[in-house]
Amino acid sequence: MSSSQPIQTRVVLLTGPSGSGKSSLAARSGLPVLRLDDFYKEADDPTLPQVSGSADIDWDSPESWDADAAVTAIGELCRTGRTTVPVYDIATSARVGAETLGIGRPAVFIAEGIFAADIVRRCADLGLLADALCLRGRPSTTFRRRLLRDLREGRKSVPFLLRRGWRLMRAERGIVARQSGLGAYACDKPEALSRLAAAAGSRAAARQPLAGRALSE
């Protein structure tokens, strides 16, 4: 469909350090969700970055992620309510399929992931952005939540998860500062839920026909 079609739906980009609670907050909101983690590059991609001084792949670098494909998917959801997304298996670092995501025509939807802040400007320039949020909390709490999740899901080897977890805990405040600098508003979960509700409400009101608005006032 033509990109000149009026945009009826907009996106709330939800970011934050790994383990900050983005997925659970998105589910709690009741809004449709696009998982940006599904746009990771595959393990055999020659452009994958490495952790400095280590043989580990740096999965926390934006260079490990396909931003172009993510923005394309967001644009299609905003304009048509449907897109095709990869199905990514984090344990094997590979795309294992693809699926159609249909969200209908909501006022807003959420696109959540640790790299969401890296596409704030692009989404804003394309007229797709409703809001951008960065979850922040205690680094020690984030560390425990992230490690328990990754162990439960068997995402990577235990030594890798411990090395990554320690590195991210020490870097967490800097990660939040970087994401805020890219345009994501740093907040805790209650404030994030409040802003999500406000974004959904204001967009729904903006889409309501003038006659309908007059009757409801």
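**Cavity and helix**

Modeller: Helix α4 contributes four residues to the lining of the largest cavity, the most of any element. Helices (H or I, at least four residues) and strands (E, at least two) are DSSP runs, numbered from the N terminus. This is a predicted model: local features need pLDDT of at least 70, side-chain atom pairs count only at pLDDT 80 or more, and totals for chains, interfaces and linings use all residues. Residues are numbered from 1 along each chain as its sequence is written, and side-chain values use heavy atoms, with hydrogens and water left out.

Biologist: Which residues line the largest cavity?

Modeller: Rolling a probe the size of a water molecule over the atoms shows where empty space is left. Here the lining consists of Phe143, Arg146, Leu147, Asp150, Leu161, Arg164 and Gly165. Both α4 (139-153) and α5 (158-181) supply at least two residues of it.

Biologist: What span should helix α2 have?

Modeller: The expected span is 1.5 Å times one less than the number of residues. For the 14 residues of α2 (residues 67-80) that gives 20 Å, and the end C-alpha atoms are 20 Å apart, so the two agree.

Biologist: Which residues of α2 are buried?

Modeller: Buried means under 20% relative accessible area, exposed over 50%, partly exposed in between (1.4 Å probe, protein chains only). In α2 the buried residues are Ala67, Ala70, Val71, Ala73, Ile74, Gly75, Leu77, Cys78 and Arg79.

Biologist: What follows α2?

Modeller: Glycine 81 does, with a positive phi near 80°.

Methods:
On a 1 Å grid over the protein atoms alone, a cavity is a set of points where a 1.4 Å probe fits but cannot get out, and a pocket is an open set with protein on both sides within 12 Å along at least five of seven lines; lining residues have an atom within 4 Å of a point.
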